Amino acid sequence: MKIITHECPECRTVVAANELEDNRVMKCPGKYCETVLRFEELPEEDREFFLENRDQYRL
Ligand SMILES: [Zn+2]
């Protein structure tokens with residue numbers, strides 16, 4: 001399974017796409033980082049792949 005992640009542009013914390021997709025918008029989980037991450041910031045290719053295969057990402 002392809003792992004899709006998004007990296008915070010500020011602190012480099014890596015967030016899994018499924019966490020982002022659940023919330024659409026989330027505050028970066030990095031310590032002391034206030035950056036807001038959005039599912040829409042993922043590359044289009046990754047978003048499409050994720051949405052097509054989203055069942056595989058459910059635990
Ligand atoms: Zn961050």
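The legends below refer to a predicted model.

**Figure 1. The segment after helix 3, with Arg 58.** Arg 58 follows helix 3 (54-57) in the chain. With 6 other C-beta atoms within 10 Å, Arg 58 is exposed, because the limit for that class is 12 or fewer. The C-alpha atom of Arg 58 is separated by 7.9 Å from that of Asn 18, although the two residues are 40 residues apart along the chain.

Figure 2. The phi angle of Arg 12 is positive, near 70 degrees, and the residue is not a glycine. Arg 12 is exposed, with 10 other C-beta atoms within 10 Å.

**Figure 3. The loop between helix 1 and strand 3, with Arg 24.** Arg 24 is found in the loop that runs between helix 1 (17-23) and strand 3 (25-27). Phi of this residue is about 70 degrees, a positive value, although Arg 24 is not a glycine. Arg 24 counts as exposed, with 10 C-beta neighbours inside 10 Å.

**Figure 4. The largest nonpolar core.** Five residues make up this core: Ala 17, Leu 20, Leu 37, Phe 39 and Leu 42. Membership requires that a residue be buried and joined to the set through C-beta atoms within 7 Å. Buried residues make up 10% of the 59 residues in the protein chain.

**Figure 5. The surroundings of Leu 42.** Leu 42 belongs to the largest nonpolar core. When neighbours within four places in sequence are left aside, Leu 42 is in contact with Ile 4, His 6, Ala 17 and Arg 47.

**Figure 6. The whole chain, for orientation of the close-ups.** The protein chain has three helices and four strands. From the N terminus on, these elements run β-β-α-β-β-α-α. The chain is as compact as a globular protein of 59 residues, because its radius of gyration of 11 Å is close to the 10 Å given by the globule rule. The C-alpha trace spans about 35 × 25 × 20 Å along its principal axes. Of the contacts with a separation of 6 or more, 33% are between residues 24 or more positions apart.

Note on methods
Residues numbered from 1 in each chain as written. Predicted model: local features only at pLDDT ≥ 70, side-chain atom pairs only at ≥ 80, totals over all residues. Helix = DSSP H or I, 4+ residues; strand = E, 2+ residues; numbered from the N terminus. Rg over C-alpha atoms; globule rule 2.2 N^0.38 Å. Buried ≥ 20, exposed ≤ 12 C-beta atoms within 10 Å, placed from the backbone. Contact = placed C-beta atoms within 7 Å.
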